[in-house]
Amino acid sequence: MEANAAHKYFEFLKFNSLLPSSFEHRTKRASSEISNQALNYGYAILLNIIYKSIINAGLNPYFGVLHTMRSAKPSLALDIMEEYRSFIVDRNIIKIRSSLKGELNAELKKVIASNILNSLNKKLTYNHKKLTLESIIQRQVYKISAFFCGDSKYKSYIFRW
């Protein structure tokens with residue numbers, strides 16, 4: 001179901017010209033298309049943030065719920081990342097879509113990383129407080145940990161676009 005929803009999501013982005021015309025469909029590994037390369041790079045940055053938050057919460061990033069568990073695949077990190085990828089990565093790639101030409105060089109990587117880090121440092125309202133998005137992610141991962149221990153319900157953070 002998740003894969004089907006992702007396919008429809010990226011079809012929507014393509015149909016509405018929110019990604020460059022070179023974008024045909026979403027490919028994950030070894031893509032030669034610049035939009036996919038940019039998305040993959042952004043997701044790698046986000047994955048590292050999520051991974052760190054999981055370790056800080058005392059969870060094992062390899063025991064996932066939605067993604068299949070395989071050796072050397074941080075399934076839980078990939079599961080949690082789903083909640084944040086469109087707001088943190090996709091939105092920033094869409095913002096710079098006119099720059100997505102040629103290849104993913106060091107200069108473009110710097111722009112992508114800078115935009116993503118700016119998003120993570122942006123202060124948003126969380127439980128009536130202003131916190132950075134990175135702090136919100138950490139708190140949400142703590143809530144997931146509590147949920148796994150049976151202490152509470154888990155409620156996703158709702159982004160206001």
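**A walk from E134 around the model**

Start by selecting E134: with a relative accessibility of 22%, E134 counts as partly exposed. (Buried means under 20% relative accessible area, exposed means over 50%, and partly exposed is in between, using a 1.4 Å probe and protein chains only.)

Before moving on, note that this is a predicted model: local features need pLDDT of at least 70, side-chain atom pairs count only at pLDDT 80 or more, and totals for chains, interfaces and linings use all residues. Residues are numbered from 1 along each chain as its sequence is written, and side-chain values use heavy atoms, with hydrogens and water left out.

**Second stop: helix α6**

Now select residues 133–148. The 16 residues of α6 should span 22 Å at 1.5 Å a residue, and the end C-alpha atoms are 23 Å apart, which agrees. (The expected span is 1.5 Å times one less than the number of residues.) Colour L133, I136, I137, Q138, Q140, V141, I144 and S145, the buried residues of this helix. These residues pack against several elements, including α2 (34–56), α5 (106–121) and β1 (123–126), where contact means heavy atoms within 4.5 Å. Just past the helix, G150 has a positive phi of about 85 degrees.

Jump to residues 2–15. Helix α1 has 14 residues and reaches 20 Å between its end C-alpha atoms, close to the 20 Å expected. S17 follows, with a positive phi near 55 degrees.

Pick K14 and E24 next, whose side chains form a salt bridge at 3.8 Å, N to O. K14 lies in α1 and E24 in the loop between α1 and α2, so the pair ties together parts ten residues apart in sequence. K14 is partly exposed at 38%, whereas E24 is exposed at 52%.

The structure holds eight aromatic pairs. How are the rings of Y9 and F10 arranged? Their centres are 5.0 Å apart and their planes lie at 75 degrees, so the pair is edge-to-face. (Rings of Phe, Tyr and Trp, the last by its six-membered ring, pair if their centres lie within 6.5 Å; planes under 30 degrees apart are stacked, over 60 edge-to-face, and the rest tilted.) F10 is buried at 8%. The charged end of R26 sits over the F10 ring, 5.8 Å from its centre. (That requires NZ of Lys or CZ of Arg within 6 Å of the ring centre and within 35 degrees of the ring normal.)

To finish, select Y84, F87, Y126, Y157 and F159, which ring pairs link into a cluster. Show R91 as well: its charged end sits over the ring of F87, 3.9 Å from the centre.

Notes. Helix = DSSP H or I, 4+ residues; strand = E, 2+ residues; numbered from the N terminus. Salt bridge = Lys/Arg side-chain N within 4 Å of Asp/Glu carboxyl O.
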